[in-house]
Amino acid sequence: MADSKVSELTAATTVNSADLLYLVQSNADKKLSISTLLANLPNTFTKVGGLFGLNLNNPQTIANAGTINATSVFTSISNTAGVYSLNIDDGTYVGQIKLIMCTAAAGTSSITSNIKGASSIAFTEPGQTAILIWYNSDWWIIGGSATVTY
């Protein structure tokens, strides 16, 4: 075993939580159990999710007014006739991406707080979007078609 190359080992077709993996970390050889690897994946996926759109299976949906969460990558909003206020929760890490899209509109729903350099982002038409990134304790607008007031 000591003289074997990893590429020459027989491939495993099944695994269990007690199985061990070979890991090189900071130039040191280490062992890692499957259970330890899996226990640490949720934190990794949360951070990667903002960059690659993971967790799109659990979008947040808001009708008229409410608070946009930071736990879902994607939030869809809709509004009926009227003017509605939206708040947005603080992000959880630098670089977190938030996608917001208006799916139906007869009125206006606006985000009026926690946005760097803007006083509001208004959604008045279906298809309008906002793409935000969390940095330095604020959401920064990096794209979209919603109406931004500075």
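I take a polar contact to be a pair of N or O atoms within 3.5 Å, where, within protein, one must be able to donate a hydrogen and the other to accept it, and where residues adjacent in sequence count only if both atoms are side-chain atoms. I note that this is a predicted model, in which local features need pLDDT of at least 70 and side-chain atom pairs count only at pLDDT 80 or more, while totals for chains, interfaces and linings use all residues. Residues are numbered from 1 along each chain as its sequence is written, and side-chain values use heavy atoms, with hydrogens and water left out.

**Entry 1, N69.** I looked up N69 in the loop between β4 (66–68) and β5 (74–79), strands being DSSP runs of E of at least two residues, numbered from the N terminus. The side chain of N69 reaches the backbone nitrogen of S72 at 2.9 Å. N69 has a relative accessible area of 16% and is therefore buried, a word I use for under 20%, with exposed for over 50% and partly exposed in between (1.4 Å probe, protein chains only). Beyond its neighbours within four places in sequence, N69 is in contact (heavy atoms within 4.5 Å) with Q60, D89 and K98.

I then turned to Q128, in the loop between β9 and β10, which is buried because its relative accessible area is 8%. A polar atom of the Q128 side chain lies 3.1 Å from the backbone nitrogen of E125. With neighbours up to four places away set aside, the contacts of Q128 include I100, F123 and T147.

Apart from residues up to four places away in sequence, I111 touches I68, L86, I88, I100, S119, S120, I121 and F123.

I finally noted a nonpolar surface patch of V94, I131, Y135, W140 and I142, with about 470 Å² of accessible area together. β10 (129–135) and β11 (138–144) each supply at least two of its residues. W140 lies in strand β11, and its relative accessibility of 31% is why I count W140 as partly exposed.

Methods
Patch = residues over 30% accessible without salt bridge, like charges linked within 9 Å, V, L, I, M, F, W, Y side chains within 5 Å. Areas by Shrake-Rupley, 256 points an atom, 1.4 Å probe, with all protein chains shown as cover. Salt bridge = Lys/Arg side-chain N within 4 Å of Asp/Glu carboxyl O. Helix = DSSP H or I, 4+ residues; strand = E, 2+ residues; numbered from the N terminus.
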